[in-house]
Amino acid sequence: MSAPDARVRYLLRLGDTSLVLGQRLGEWVGHAPALEEDLGLANLALDFVGQARLLLSYAGELEGSGRDEDALAFLRDAHEFANLALAEQPNGDFGDTIVRQWLIDTWQLQLYAALSTSTDERLAAIAAKSLKETRYHHRFSSGWLARLGDGTPESHARVQASLENLWRFTGELFAPDAVDEAMAAAGIGPQLAGLEPAWSALIDADLKEATLRRPAPQPFPWHGKRGVHTEHLSHLLAEMQQLPRSLPGARW
Amino acid sequence: MTHPARHAGPEAHLWHLLSAVPDPEIPVLSIVDLGIVRHVRCSAEGGVSIGLTPTYSGCPATEVIRDSVRRQLDAHGYAHAVLEEVLSPPWSSEWLTAAGRAKLARFGIAPPVPPTAVPACPRCHSRATERLSEFGSTPCKSHHRCRACGEPFDHFKCI
């Protein structure tokens, strides 16, 4: 794989993770348990879609075949999406959404901090901007994790079950492949393994606050960043892409 | 069309024009008050470049602002001006000008205070306020309530 190809694929991974998570959070609009949380989840969704636009636009420019952010978001199929499998997991109940969000926020805190010193200046600028947003995303998700975990026996049991269910997708966060290694060698991306200790320490601190138990490590059969997804992504894309595919070039 | 002021001080004139473009979500603030105009550059050859930075990555107002700036420039003879997106350094609430902070307070939105501090009620100025939600009616605001006078209010977030 050539270095430019690896960089495009790396940007697609970052951009797709933000896009898919933004779409998932957007599904909550009008359905959250309280108006404040409805607004909160919608605000997060906007940030993720905004980050995705910056990353996908950049990927499209580097790719050089004329695909813009919209072409990348709306005209690719599931196997061409490179998001982490964790991001595409269904919203479930509010606790499932919070756990998914918190796992990704704790990860992005480490990732964006590292990427903000990337040798790729444009990526570094996007990461520095996103990091500011990720800090309040994490305040939101870890705050709810603590309230649900340290809430009633019912909320505690349910959010612990959410954690047990989603934990199997965290293995992918720290499993580098050729793209990650090429980016680390070029100083564009971090060594993934190097992010794990700080992530793990934050996870443990938040779990302690929430009186939750850390699940045992589990093998992961999905490699979202290489296009191997759970069945849920196709359903998400069907809804997200329906309009631009039915009415190509439609404008408001 | 040649604007007379362009020869006198084209950059100053452009800043003046931009300070008349309101933020679409908080119209009492201009985009200059908000601190999102990063640069105004005029070259000797007559080229004009305006640098704009987004507040939040996902702020839906970003495109509206771009269109408003375009219209304002077109209307005043700067149709050739180039708009650039500047991401670094990222915008923070520190970029809000002192004039902008005063306008916010008069409009009933508490100006940004650090996360460790408590915003004062824009109505009665009491510090006995509580945060209801970190997320308000737009991405840049959180929602609060004054325990002294009972008024709910928005606070321009500090990021």
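**Exercise 1.** In this predicted model, work out which residues touch the most other members of the largest nonpolar core, and then follow A:Trp107 to its contacts beyond four places in sequence.

*Solution.* The largest nonpolar core holds 105 residues, and those touching the most other members are A:Leu103, A:Trp107 and A:Leu145 together with B:Ile31, B:Ile50, B:Val69 and B:Phe156. Taking A:Trp107 from that list and setting aside its neighbours within four places in sequence, we find it in contact with A:Leu84, A:Leu173, A:Phe174, A:Leu192, A:Leu195 and A:Trp199. As background, nonpolar side chains tend to be buried together in soluble globular proteins.

**Exercise 2.** Describe how helix α2 (residues 35–63) and helix α5 (residues 94–115) of chain A pack.

*Solution.* Begin with the geometry: the two helices pack at an angle of about 40°, and their axes lie 13 Å apart. The crossing of the pair is left-handed. Next come the residues: α2(A) contributes A:Glu37, A:Leu41, A:Leu44, A:Phe48, A:Gln51 and A:Leu55, while α5(A) contributes A:Phe94, A:Thr97, A:Gln101, A:Asp105, A:Gln108 and A:Tyr112.

**Exercise 3.** Summarise the fold of chain B from its elements, its box and its contacts.

*Solution.* Chain B has four helices and seven strands, which follow one another from the N terminus as α-α-β-β-α-β-α-β-β-β-β. Its C-alpha atoms fill a box of roughly 60 × 25 × 20 Å along the principal axes, and 49% of its 159 residues count as buried. Finally, among contacts in chain B with a separation of 6 or more, 53% come from residues 24 or more positions apart.

How values were computed:
Residues are numbered from 1 along each chain as its sequence is written. Chains are lettered from A and ligands numbered from 1 in the order in which they are written. This is a predicted model: local features need pLDDT of at least 70, side-chain atom pairs count only at pLDDT 80 or more; totals for chains, interfaces and linings use all residues. Side-chain values use heavy atoms; hydrogens and water are left out. A nonpolar core is a set of buried Ala, Val, Leu, Ile, Met, Phe, Trp, Tyr and Cys residues joined through side-chain atoms within 4.5 Å. Buried means under 20% relative accessible area, exposed over 50%, partly exposed in between (1.4 Å probe, protein chains only). Contact means heavy atoms within 4.5 Å. Axes are lines fitted to C-alpha atoms, for helices over the stretch in contact, and angles run from 0 to 180 degrees between N-to-C directions. A crossing is left-handed if the near helix is turned anticlockwise from the far one by less than a right angle, and right-handed if clockwise.
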